[in-house]
Amino acid sequence: MSMDLTFLGTGSAYPSPHRGASALVLRTDGDCWLFDCGEGTQTQLMKSQLKAGRITKVFITHLHGDHLFGLPGLLCTISLHSCPAPAKPPPPVEVYGPRGLRKFLRVALTLSGSQLMFPYVVHELVPGDDQCPPEGLPDGLEPVHDDDDDDGGGRLHPQEVLGRTFQLDPEQGCYTLLESPQFVVRAFRLFHRLPSFGFVVEERPRPGKLNVQLLKELGIKPGPICGRLKNGESVTLENGVVVSPEDVLEEAVPGRKVCILGDCCSLVGDAGRRLCHGADVLVHEATLEDSLRDKAWEHGHSTPSMAAELAEACQVKQLVLYHFSQRYKPQSLLKEKEDDNVLELKRQAEAALNGGEVILAEDFLTIPIPSKRCS
């Protein structure tokens with residue numbers, strides 16, 4: 001299975017001619033999961049090689065506009081390009097994010113008279129009181145039921161399917177959002193000016209290859225029996241011998257792990273470090289350079305060395321920095337003696353990471369995540 005990350009927006013605060021607002025796509029065999037959807041994301045998608053219609057899931061790290069304002073428009077654009085009246089109803093687009101996201105979409109879509117050609121569902125994460133300063137949690141984020149009859153968007157939108165509400169697992173310190181045969185997706189808490197979350201997408205281990213020599217010795221020819229063994233099923237041969245998958249399968253192939261963090265100046269609890277340990281890729285904001293650490297901290301943001309410290313602690317293979325202040329131009333636009341040089345951010349992270357790999361994300365950069373091999 002192929003897997004890669006494409007950055008659609010790598011800037012902070014607002015979209016500029018040089019950097020779009022936060023948005024990136026995790027693609028697995030053509031299926032696209034979008035993480036954050038800042039203003040202008042649909043335009044960035046049109047400029048990329050990705051297809052908006054392939055987006056099946058959206059994960060919003062927090063409710064600041066540079067991570068959220070593009071979502072209503074993107075859903076409408078996907079709808080405009082959808083096939084009219086399909087014979088089989090399409091599956092809903094699933095949206096995951098902090099409490100309040102459900103109401104935001106209801107109000108935006110309802111007041112604009114927007115109708116979608118597909119259903120959508122919003123799953124909300126209930127944040128803790130320790131994820132932002134006391135003044136950082138906006139009013140009006142209490143759960144809104146579908147039978148409410150107010151003007152605040154309480155009723156379900158015509159295309160909305162009521163989603164789940166995830167509470168923090170007190171033992172694990174995280175939220176388990178999705179468990180499928182291929183992936184497990186969890187979220188953990190971050191500290192920012194608004195409650196923010198990080199997401200961990202972990203691929204399940206894949207069965208190893210069949211040992212051809214052992215199959216020959218057992219008299220098993222290519223065919224349905226091999227398929228059953230590959231799928232984890234024991235089989236009984238004609239001579240009465242029972243063969244289990246462990247007898248003929250080589251070592252399982254470990255799954256890949258991708259960690260994508262929203263805006264933050266620190267983690268809340270130890271779940272994030274545990275979940276991100278050994279990740280193939282850690283995507284972390286680095287809004288300002290190390291000399292502006294106090295300013296970054298004051299606004300709930302990180303510097304390169306702060307991101308690198310987490311990457312070092314989690315022993316990740318690749319640290320990708322993004323969400324840069326718009327003062328830092330992409331490398332392709334740098335002049336010889338440019339102040340606020342984005343390359344300095346990379347140097348600072350590398351120094352703190354003790355030689356680990358650091359990548360500066362730019363709009364439309366695609367990073368392949370290769371499959372692991374058996375040891």
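Select strand S4 (residues 55-59) and strand S5 (residues 93-98): they run parallel, joined by three bridges. Strands here are DSSP runs (E, at least two residues), helices are H or I runs of at least four, and both are numbered from the N terminus. Two strands pair if DSSP finds at least two bridges between them. Show Val58; Val95 in S5 stands opposite.

This is a predicted model, where local features need pLDDT of at least 70, side-chain atom pairs count only at pLDDT 80 or more, and totals for chains, interfaces and linings use all residues. Residues are numbered from 1 along each chain as its sequence is written, and side-chain values use heavy atoms, without hydrogens or water.

Next, step from S5 to S6: six bridges join them, again in parallel. Val93 faces Tyr120 in S6.

Stay on S6. Six of its six residues are buried (under 20% relative accessible area, 1.4 Å probe, protein chains only). Tyr120, Val122 and Glu124 lie on one side, Val121, His123 and Leu125 on the other.

Move on to S7. S6 and S7 pair in parallel over five bridges. Val161 in S7 is the bridge partner of Val121.

Finally, zoom out. The open sheet has eight strands in the order S7-S6-S5-S4-S3-S2-S1-S18, with mixed pairing. Strand S7 (160-166) and strand S18 (366-368) are the edges, each pairing on one side only.

Technical notes. Buried means under 20% relative accessible area, exposed over 50%, partly exposed in between (1.4 Å probe, protein chains only).
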